[in-house]
Amino acid sequence: MTKTLVRQLFRETEKYAHKNITVSGWIRTIRISKSFGFIELNDGSFFKNLQIVLEKDKIENFNEVSKLNVGAAITASGVLDMTPDAKQPFELKSGFVEINGLSTSDYPLQKKRHTFEYLRTLAHLRPRTNTFSAVFRVRSILAYAIHKFFQERGFVYVHTPIITASDCEGAGEMFQVTTLDIEKIAQSGQQSVDYSKDFFGKAANLTVSGQLNVETYCMAFRNVYTFGPTFRAENSNTTRHAAEFWMIEPEIAFADLKDDMRLAEEMLKYVISYCMENALEEMEFFNQFVDKDLLERLANVINSDFAHITYTEAIELLQKEKDKFEYSVEWGSDLQTEHERYLTEKVFGRPVFVTDYPKDIKAFYMKLNDDGKTVAAMDLLVPGVGELIGGSQREELYDVLVSRMEENGLSPEDYGWYLDLRKYGTNKHAGFGLGFERLVMYVTGMGNIRDVLPFPRTVGNADF
RNA sequence: UCCUCAAUAGCUCAGUUGGCAGAGCAUGCGGCUGUUAACCGCAGGGUCGUUGGUUCGAGCCCAACUUGAGGAGCCA
């Protein structure tokens, strides 16, 4: 039996109108009267449901079907009827229903609104709800759009390692990876751990960033990107942080900070446009039920040029408005969340690049500017989410990089392979990191990172 | 890690000044010939997060703990 997908019915309606079709899916709602009834079927291929009409005298097992619970899996055949005057454009007048899998009366998803907190406890069932079906289809489409953007421009996709024995990169607390029996070590009472006995012969961790590794491939392929999981063991409990998240890190050779920002802006506009064209129904749903200004805001992002401001200019601007802030603003300290949001939401009302931060609050590998005080770094701030992208031009001068490492308390001998890149054919290069979940949040309007990760891992929570 | 708030039926919530534990939805049964979170009737469903305290009496007041949420820091 050839199955028709509900997506096809909506996308190529003329082709299926008045024809006999067979569909399979799960019951979202069921309404039964004495001699007829309706089933809303979702087959997973499309955001919207197909209404199936059941008539007692046309369906052999009507009584059995009428007792089905929400969540049951069925296969139904019949004629696709056009219903231009009804709420739905068409419906399936069913003549045959096969029950594939029953559900029970304690099915936890009701035909009503649930809180996101409750649905987080049902991570295995929540993709069956409207909101999460929309979120995770958009997540998939966005991931594809990112690959499409970079591949169309000749970027090489590099798989940087998940496990790393590199010393700290200053990007955050790391999860240790070990095959040592820690219970045995604890019981033995020994004072220190002999990592030479560990799997890799030294201490190893899960990666906090693929950047240093991908820079090596940048120096071979010129334009490269990573897109993979990243792990941070920070004890941070916010709507924007997870212990396991996905990051996109492009790196471009023979390029400076301006090229980097141009790339970031083009990429963001590209993936948002792609999503709005390819997830129409989902985006409309978000605009209606999650964030009323979403489509307008995203259209504004696509059509306007991003703003630019240097860190120093931003500090001057914020100092004039200091009454509005809880925290004071001083040159040399990092911008607070309230400052970032004020800049992007109130001052500019669109995405803004803040550039040239003081070197002391940024990473060692960032390009030292001619003033000797700032580095060629950029953060892209967006309304609603805050920092979406962080990037920089990299320090390409061997001696400067070594002294920057020493200033940051790192031993250059631990980074021999990284320094080699400055020894053999160094050139200006730049890159950025984009938190994929923050992008999904920005595009969907969802307010909590736990609701854009299929199975979120946060402090104290690794269920499912 | 810090600050604030919350926890009552399967879900979403109400519960007055400390005095009999409530509603809607869901569930079960019955009704209904075009429903759209269908509708109408009836029924079942509770250790009020946990532990302790104050009180004649605690869902309500107090303390600690647990869990969750929001904000801050850290960051992507």
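Modeller: Phe 90 is found in strand 5. The model is a predicted one. Phe 90 counts as buried because its relative accessibility is 3%, and buried means under 20%. Beyond its neighbours up to four places away in sequence, Phe 90 touches Leu 9, Phe 10, Thr 13, Leu 50, Leu 80, Asp 81, Met 82 and Thr 83. One of these, Leu 9, stands 81 residues from Phe 90 along the chain, yet the two C-alpha atoms are separated by 8.8 Å.

Strand 5, which spans 90-101, also supplies at least two residues of the surface near RNA strand B. The other elements that do so are strand 1 (20-32), strand 2 (36-42), helix 4 (116-120), strand 11 (244-253) and strand 15 (386-393). The residues of this surface divide into eleven nonpolar, 20 polar and 16 charged. Of the 47 residues around RNA strand B, those that come nearest are Lys 87, Glu 91, Thr 238, Gln 336 and Arg 438.

Which parts of RNA strand B lie within 4 Å of the protein, sugar or phosphate, or bases? Of its atoms within that distance, 54% belong to sugar or phosphate, and the rest belong to bases. Individual side chains illustrate both kinds of partner. A polar side-chain atom of Gln 336 lies 2.2 Å from a phosphate oxygen of RNA strand B. For Gln 51, a polar side-chain atom is 2.7 Å from a base oxygen of the RNA strand, and for Ser 33, an N or O atom of the side chain is 3.4 Å from a base nitrogen.

Methods: Residues are numbered from 1 along each chain as its sequence is written. Chains are lettered from A and ligands numbered from 1 in the order in which they are written. This is a predicted model: local features need pLDDT of at least 70, side-chain atom pairs count only at pLDDT 80 or more; totals for chains, interfaces and linings use all residues. Side-chain values use heavy atoms; hydrogens and water are left out. A residue is near a molecule or strand if one of its heavy atoms lies within 4 Å of it. A polar contact is a pair of N or O atoms within 3.5 Å; within protein, one must be able to donate a hydrogen and the other to accept it, and residues adjacent in sequence count only if both atoms are side-chain atoms. Helices (H or I, at least four residues) and strands (E, at least two) are DSSP runs, numbered from the N terminus. Ala, Val, Leu, Ile, Met, Phe, Trp, Tyr, Cys and Pro count as nonpolar, Asp, Glu, Lys and Arg as charged, and the others, Gly among them, as polar. Buried means under 20% relative accessible area, exposed over 50%, partly exposed in between (1.4 Å probe, protein chains only). Contact means heavy atoms within 4.5 Å.
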